[in-house]
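Subject: Structure handover

Hello,

Here is the structure for you to look at. My notes on it follow below.

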Amino acid sequence: MITREQIDTVLDHPVHDARGDKIGDARHVFFDDVTGEPEWVSVRTGLFGTSESFVPIHDAALVEDHLEVPYAKDQVKDAPNVDIDAGGHLSEQEEQRLYQYYGIDWDASWQDPHAGTGRATGTTDTTGTTGTTGTVGAADEAMTRSEEEMHVGVERRESGRARLRKYVVTEEQQYTVPVRHEEVRVEREPITDANRDRAMTGPDITEAEHDVTLYEEQPVVETRAVPKERVRLTTEEVTEEETVTGEVRKERIETEGTDEQGDQRRRH
């Protein structure tokens with residue numbers, strides 16, 4: 001159980017669930033007017049800490065630099081929303097609703113103040129947003145005024161994907177190349193004194209054949225892969241400015257029967 005002396009260590013420090021997952025940061029601690037013991041702690045949850053959830057502090061424990069409560073993170077974040085009046089009190093109906101949500105026996109806690117935390121009307125907020133601890137009881141008649149502060153941050157999330165994909169296409173190309181071929185041409189020469197001796201060799205009358213082999217060139221197509229370029233994907237960060245609008249609540253304290261300096265007004 002958390003004692004009054006440990007409140008400074010609790011405020012504005014992380015609150016973890018039973019599995020060690022962080023729920024949020026402790027914002028306020030509420031005390032029981034009857035026992036004077038800490039009863040509830042409000043945890044700042046949600047994106048940028050925009051919500052507060054109530055969780056019983058009776059069975060909580062300080063573990064190193066954080067507060068550990070015996071409830072799951074989702075259970076705390078889904079706890080009923082309650083309104084706190086200007087005096088920093090939970091109504092009896094609101095606290096009973098929280099008791100029922102966390103499965104705590106309301107009647108047993110009320111009958112045995114040491115086993116539970118007591119009526120909600122006896123709880124009072126002892127801290128502002130600054131995390132300082134006040135005192136509880138009839139001796140302290142001061143009222144704490146709190147304000148919500150908007151904290152804006154950024155989160156990194158996936159906005160899209162880019163991909164390089166290589167595929168094959170077939171194109172038809174035409175090239176003109178010169179090709180050569182051989183053709184037969186018949187040459188006849190008359191018999192002269194210069195070739196008579198060669199012409200008279202051999203038999204006088206006979207049959208004979210003579211073959212000539214013809215050659216030609218034909219186009220030959222051959223393909224081979226040739227590197228042309230290197231392609232890669234790179235990313236660069238571009239900074240833009242966006243305006244974020246949110247609502248914050250502020251407490252105001254009005255005085256009755258006193259002037260601005262706190263002196264009691266004289267009645268006539």
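Start with Glu147: at 27% relative accessibility, Glu147 counts as partly exposed. The cut-offs are these: buried is under 20% relative accessible area, exposed is over 50%, and partly exposed is in between (1.4 Å probe, protein chains only).

Some ground rules. This is a predicted model, where local features need pLDDT of at least 70, side-chain atom pairs count only at pLDDT 80 or more, and totals for chains, interfaces and linings use all residues. Residues are numbered from 1 along each chain as its sequence is written, and side-chain values use heavy atoms, with hydrogens and water left out.

Salt bridges

Glu147 forms a salt bridge with Arg145, with the closest N and O atoms 2.7 Å apart. A salt bridge here is a side-chain nitrogen of Lys or Arg within 4 Å of a carboxyl oxygen of Asp or Glu. Arg145 is partly exposed too, with a relative accessible area of 41%. Arg252 joins Arg145 and Glu147 in a network of salt bridges.

The count comes to 10 salt bridges. Among them is Arg161 with Glu158, at 3.3 Å from N to O. Arg161 is exposed, at 71% relative accessibility. Glu158 is exposed as well, at 58%. Another is Glu187 with Arg185, at 2.9 Å from N to O. Both of these residues are exposed.

Overall layout

The protein has 5 helices and 7 strands. These are DSSP runs, numbered from the N terminus: helices (H or I) have at least four residues and strands (E) at least two. From the N terminus on, the order is α-β-β-β-β-β-β-α-α-α-β-α. Of the 268 residues, 25% are buried.

The core

Which residues touch the most other members of the largest nonpolar core? They are Trp40, Val55, Leu67 and Val69, in a core of 27 residues. Such a core is a set of buried Ala, Val, Leu, Ile, Met, Phe, Trp, Tyr and Cys residues joined through side-chain atoms within 4.5 Å. Helix H1 (7-10), strand E2 (22-32), strand E3, strand E4 (51-56) and helix H3 each supply at least two residues of this core. The largest share, 5 residues, comes from E2.

Aromatic rings

There are 5 aromatic pairs. Rings of Phe, Tyr and Trp (its six-membered ring) pair if their centres lie within 6.5 Å; planes under 30 degrees apart are stacked, over 60 edge-to-face, and the rest tilted. Trp40 and Tyr102 have ring centres 6.3 Å apart and planes at 45°, so this pair is tilted. Trp40 lies in strand E3 (residues 38-45) and Tyr102 in the loop between helix H3 (92-101) and helix H4 (106-111), so the pair ties together parts 62 residues apart in sequence. Trp40 is buried, at 1% relative accessible area. Tyr102 is buried at 7%.

Tyr102 also pairs with Tyr71. That pair is edge-to-face, with 4.7 Å between centres and 65° between planes. Tyr71 sits in the loop between strand E6 (66-68) and helix H2 (73-77), 31 residues from Tyr102. Tyr71 is buried, with a relative accessible area of 13%. Ring pairs link Trp40, Tyr71, Tyr99, Tyr101 and Tyr102 into a cluster.

Best wishes
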